[in-house]
Amino acid sequence: QVQLVESGGGLVQAGGSLRLSCAASGRTASMDTMGWFRQAPGKEREFVGAAMRWSGGSTYYADSLKGRFTISRDNAAKNTVYLQMNSLKPEDTAVYYCAARNIGSIVGITLRSTYNYWGRGTQVTVSS
């Protein structure tokens, strides 16, 4: 099993920045892609972005978030993934979930169902 723990959420004004972290522990050797999803009240959980463990650490983003959000992984053990969020908007308010999967390709990378492991989430609130 893999355990994921998010941190870094909080309250920020519109236009501000936040950096979320997600640390993985347990059987991380089988883990490849790590990513972020978010869920706003009354809405479906949606893909934010993901970073592959190998393949040069390739990253993928939801089209609507490109340019404002950046995902990275630690260079050493690759068991921590970060989400840097800039120019935040009130509509970015949501619970942000870290997710990981064993698949080492981009197939289904935006689909929740392909992720094996989930964190409990961290709240991000952007005030106007």
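Trainee: Which side chain does a polar contact of 2.6 Å join to that of Arg 38?

Mentor: That of Glu 46. Please keep in mind that this is a predicted model.

Trainee: What is the distance of the polar contact between the side chains of Arg 38 and Tyr 96?

Mentor: The side chains of Arg 38 and Tyr 96 make their polar contact at 3.0 Å.

Trainee: Where is Arg 38 found, in which strand?

Mentor: Arg 38 belongs to strand S4, which covers residues 34-39.

Trainee: Is Arg 38 buried or exposed?

Mentor: Arg 38 counts as buried because its relative accessibility is 8%, and the cut-off for buried is under 20%. Leaving aside residues up to four places away in sequence, Arg 38 touches several others, among them Val 48, Leu 65, Phe 69 and Asp 92.

Trainee: Changing topic to Arg 73: which strand holds Arg 73?

Mentor: Arg 73 lies in strand S7, residues 69-73. Arg 73 is buried too, with a relative accessible area of 12%.

Trainee: Which backbone oxygen lies 2.5 Å from a polar atom of the Arg 73 side chain?

Mentor: The backbone oxygen of Asp 32 does.

Trainee: What else does Arg 73 touch?

Mentor: Not counting residues up to four places away in sequence, the residues touched by Arg 73 include Met 31, Met 34, Met 52, Lys 78 and Val 81.

Trainee: And how many residues apart in sequence are Arg 73 and Cys 22?

Mentor: They are 51 residues apart in sequence, with a C-alpha to C-alpha distance of 9.4 Å.

Conventions
Residues numbered from 1 in each chain as written. Predicted model: local features only at pLDDT ≥ 70, side-chain atom pairs only at ≥ 80, totals over all residues. Heavy atoms only, no water. Helix = DSSP H or I, 4+ residues; strand = E, 2+ residues; numbered from the N terminus. Buried < 20%, exposed > 50% of the residue type's maximum accessible area, 1.4 Å probe, protein only. Polar contact = N/O pair within 3.5 Å; in protein donor to acceptor, adjacent residues only side chain to side chain. Contact = heavy atoms within 4.5 Å.
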